[in-house]
Amino acid sequence: MKNRIRMSRSRKAFLWVFGLPTFLIYSFVCVVPLFSSLRDSFTEWMGIAGTSKTWIGLSNYAELFRDPVFYTALKNDLVISFFKLILITSLALVFAVSLTRIKLTRPERAIYRYFLYLPTVLPIVVITIVWKFVFEQSGLYNTLMLKLDGRKVGDVVNMSSHIANHPVAVITFVAIWCGIGYSMIVLITAINNVSNELYEAAYLDGAGQLGQFFYVTLPSIMGQVRYIMVYIVSSTLASNMNLVLPMTNGQPGNASTVMGLYVYKYGLTADNGVSRVGYANAAAVVLMLISFILCYSLNRLINRGEEKKL
């Protein structure tokens, strides 16, 4: 009985010493700004220290839902998120299974993992510079396409940039290229923890590599797959701006604008030189709610699918 009391007290002491500071820091960094943003979304404020905040109620939200650029940004975010969710999850699964179940030498696995994970650690500036060179007018992509078409680069006059013609498609491609490495590493770790006895039993039952994948590997790592899917959706809506801002800045004509860039422009770099922080906070609150609804719905959908299988 005394040991239990001592353990209980030690755990309480641990929580007070380590848990309380962590909770306070998290609250100060995440929770307080969230409620502050919600409060400021009902005001008209330039964001300059010392300037007054004018309470305007739901006017910012009413203006937001009347703005066609807002719907363009939201549509672009949803399109990018959808294709990232499908393709990153699928490709990460393919690469993870290939690097764990296919017989490769140790140096080969190390090389493949390095090159597949490399985009995850590259600075966003490097990524955008490289891919802008690939897709723009004088880029590698256009050069290869013209060579395959039997023409010289100089024979084409005023050839428009692929980024300008298909900005969302290019951004989606680059975002997928950047996101595969992290998901692949998570799945490789999960697959390596699957017991070999399960694979041996499946093999004795006549299951080939494909059967082992669907009946052993996939059910065993479903928790990690679900984590990756929710992570992709939750992080995409907030991080799309990191690619869009240096690559297109929302151009041409706001065709590639995403919600993060929409909030950024109104909050920090308004076109008329006057920032509208209150309006930007309203857009940020809507973005947060959409992200929560999507993640919650996706998580429920996956759980329901697993329950039906059981």
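**The aromatic rings**

Modeller: Phe173 is partly exposed, at 40% relative accessibility. That term covers values between buried (under 20% relative accessible area) and exposed (over 50%), with a 1.4 Å probe and protein chains only. The model is predicted: local features need pLDDT of at least 70, side-chain atom pairs count only at pLDDT 80 or more, and totals for chains, interfaces and linings use all residues. Residues are numbered from 1 along each chain as its sequence is written, and side-chain values use heavy atoms, leaving out hydrogens and water.

Trp131 is buried, at 13%.

Now the pairs. The whole structure holds 15 aromatic pairs. One of them joins Phe82 and Phe83, edge-to-face, with 5.3 Å centre to centre and 80° between the planes. Rings of Phe, Tyr and Trp (its six-membered ring) pair if their centres lie within 6.5 Å; planes under 30 degrees apart are stacked, over 60 edge-to-face, the rest tilted. Phe82 is partly exposed at 48%. Phe83 is partly exposed at 38%.

Trp131 and Phe173 are also edge-to-face, because their planes meet at 85°, with centres 5.0 Å apart. This pair links distant parts of the chain: Trp131 sits in helix H5 (residues 124-135), Phe173 in helix H8 (residues 167-192), 42 residues apart. Helices here are DSSP runs (H or I, at least four residues), numbered from the N terminus.

Rings also gather. Phe65, Phe70, Tyr71, Tyr262, Tyr266 and Tyr279 form one aromatic cluster. Arg276 lies over the face of Tyr279, 4.6 Å from the ring centre. Lys53 places its charged end over the ring of Trp45, 4.3 Å from the centre. A charge sits over a ring if NZ of Lys or CZ of Arg is within 6 Å of the ring centre and within 35 degrees of the ring normal.

Definitions and conventions:
Helix = DSSP H or I, 4+ residues; strand = E, 2+ residues; numbered from the N terminus.
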